[in-house]
2 protein chains.
Amino acid sequence: MLPTVQFRSRPAIIDLSWGHPRPDLLPVDDWAEAYGTAIRRYRSAALTYGRGQGPGPMIDWLCAHLAVTDPPGPRPAEVFITAGASHALELSCSLLIRPGDPILVDAPTYHLGLRILADHGGPLIPVPTDADGIDPAATRELIGELSRSGRPPKLLYLVPTHGNPTGRSLCVARRTALIEALGDLPVIEDDTYRELSYDGPAPPSLFALSGGTVIRIGSFAKTVAPGLRLGWLTARPDLVAALTRRGYVDSGGGVNHATALAMTTFGYGRHVERIRQAYAGQRDALVSAVAAALPDASFAVPAGGWFLWLRLPPGLDTARLLPAAEAAGVSYVPGDRFYVTDADSRRLRLSFSMLDASALRAGVHRLADVTRLAETAQPAPG
Amino acid sequence: MLPTVQFRSRPAIIDLSWGHPRPDLLPVDDWAEAYGTAIRRYRSAALTYGRGQGPGPMIDWLCAHLAVTDPPGPRPAEVFITAGASHALELSCSLLIRPGDPILVDAPTYHLGLRILADHGGPLIPVPTDADGIDPAATRELIGELSRSGRPPKLLYLVPTHGNPTGRSLCVARRTALIEALGDLPVIEDDTYRELSYDGPAPPSLFALSGGTVIRIGSFAKTVAPGLRLGWLTARPDLVAALTRRGYVDSGGGVNHATALAMTTFGYGRHVERIRQAYAGQRDALVSAVAAALPDASFAVPAGGWFLWLRLPPGLDTARLLPAAEAAGVSYVPGDRFYVTDADSRRLRLSFSMLDASALRAGVHRLADVTRLAETAQPAPG
């Protein structure tokens, strides 16, 4: 029998590499009930070809929700319902990117996002960053240089809020400066983690701050369930209209119609509040364990999302360390996966989403042991 | 409130233009129950990130099903679960087609399929056909000519079984000859209508007859419900692996995971048998009504699918006739939509899927009235 899910269990390893939800936080019974309610409420309208942009009730629901969480929220004509956030990125690239188009990307940024972008165009070109994230002025200079050399970039991709892998958010001043610096360059803002804010509200989205160059991608994978493949994007009405006119959407109708209707009958607010508390607890457990067991490592406490972006002491290379770590029963994603070039080889990403506090603590202890062994084994500085 | 569905109702018009299911044939209660059963059976495995190729239980189910309906059926490594047939076509094009790539298409063929192909490449080049469909020998010559002129085609798209719009199927001899004539040229076989065969089994698929150049697309939109956005394709294992490796699939996992699992718990066989009888009855009603009311029009009785491909008497142009038809309370799709070039202006497509027998008969009477008026109004042949 072939497997059912993407996750591959390795029982001997405490695996902090997967950005997957904790299985017991998935709303199995509540979702089954919501879906049944929606199908029985909308009947044939839930099962026939759905409206290409997304079903009206879902668009209304989302506009009302975003008006509260990221004011002022989009207008209905600025919303397109997708089959997940990854699909939103794939679809946006289909519209905006052709083979050979240069694409700017944050550094570091979501490694599989880089893969999706590279499926459509490239080269991928990292933007200049400093300790606070993307540097607007230096990015403007880079765009100018590229344009003068006949390689004007066609897009910027970033995860500015509770970022993957950094867990950090671009501050409001940088957001405003960035939008101004970019001029007409289209931006894809991957806003997957906004709802999982643990220490107060997230900063306003680039979409909310901008005049229309930003395509903002949202997801129900982290908040409800990835297996539903339901997400959305907000963008200028002409871009939404262009997506709706795409042959594939015109042919098949709304890209995840019945599931989108079901989301409107799901008790979203209460569920998200519950999982937000759970994931905040896991964040706290991981932060405490790392601070205690790896005192020489550095990190910023993530105010949201699913990841801790750890920097090991000088001399350690997280890609080289991985086999020893897995032999010792712990895994992570080496930092180099999140860079196009110039990786920080001391970085690694720890996911705190999938495991409970005691497993997280046990994993950190194994990682600390491996790190100490590697430090002992490395040649003394010359 | 924005609409929920794609269909736009025009109460004064009996609309035979939409290839949509009859609303009361959609399995509202049975599907709601099947989905709930699957979510409660697989629990977190139904809601977390699914396996990219598709969940094992669904792939096993589909292989067993196709082994009966289109023997010998694919091996598991030859199956990829998609978010609908249109998505399967979009995804296949993403892999195979680049801007500027010449694409061969059947003539006539599915008009929105042409749109999907054109989103990825083109020019679209119609293949030579005769009264029995695509002509293998002439197609081989065309491929040779195009290749010698430096424009080798990258793909052939066709709907060879109960085709849209023709309702006709390519005979087995032509299928075999076509596969031989095409050599290494990749083929996308849109096999959406196979299960809706009314007069005995459909011919074997090109996929089943070929050695591996064929990507065959299947759908649950016509058999269960389009709003689910669930489909599949069968292809060579290396193509399936390439789809699975695509960044968007690697990032989001199985493209319609929970819905795919639900299909394995749905009473598919009994449901399809029921709707097959219903649609066969609608086919019969439309065929009888057209034969009686439009004795000068010609058509082949469709042995399956949802469409009747009607040819009006000489001198009538179905695109020009459409406004008068709609004014008289009936609509259809003019034949020219299904051709890239050299349309047969006397053809039109009537869908018998969405309306019951009495509505179909009433629509045909209105069409016959409009046709007679137009014949009277047209200038006598000079």
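Predicted model: local features only at pLDDT ≥ 70, side-chain atom pairs only at ≥ 80, totals over all residues.
**Cysteines, a helix pair and a proline**

With a relative accessibility of 0%, Cys93(A) falls in the buried class.

Two packed helices are described by the angle between their axes and the distance between the axes. For helix α4 (residues 85-96) and helix α5 (residues 111-120) of chain B, the angle is about 25 degrees and the axes sit 9 Å apart. That angle makes α4(B) roughly parallel to α5(B), and the crossing of the two is right-handed. On the α4(B) side, the contact is made by Ser86(B), Leu89(B), Glu90(B), Cys93(B) and Ser94(B); they meet Gly113(B), Ile116(B), Leu117(B) and His120(B) of α5(B). Sorted by type, the residues of this contact come out as four nonpolar, four polar and one charged.

Then there is Pro76(B), which sits in the loop between α3 (56-69) and β2 (79-82) of chain B. Its relative accessibility is 34%, so Pro76(B) counts as partly exposed. Leaving aside residues up to four places away in sequence, Pro76(B) touches Gln53(B), Ile59(B) and Cys63(B), along with Leu2(A) from chain A. Of these, Cys63(B) is 13 residues from Pro76(B) in sequence, with a C-alpha to C-alpha distance of 6.6 Å.

Note on methods
Residues numbered from 1 in each chain as written. Chains lettered and ligands numbered in written order. Heavy atoms only, no water. Buried < 20%, exposed > 50% of the residue type's maximum accessible area, 1.4 Å probe, protein only. Axes fitted to C-alpha atoms, helices over the stretch in contact; angles between N-to-C directions. Helix = DSSP H or I, 4+ residues; strand = E, 2+ residues; numbered from the N terminus. Parallel < 35°, antiparallel > 145°, perpendicular 65-115°, else oblique. Left-handed = near helix turned anticlockwise from the far one by under 90°. Contact = heavy atoms within 4.5 Å. Nonpolar A, V, L, I, M, F, W, Y, C, P; charged D, E, K, R; others polar.
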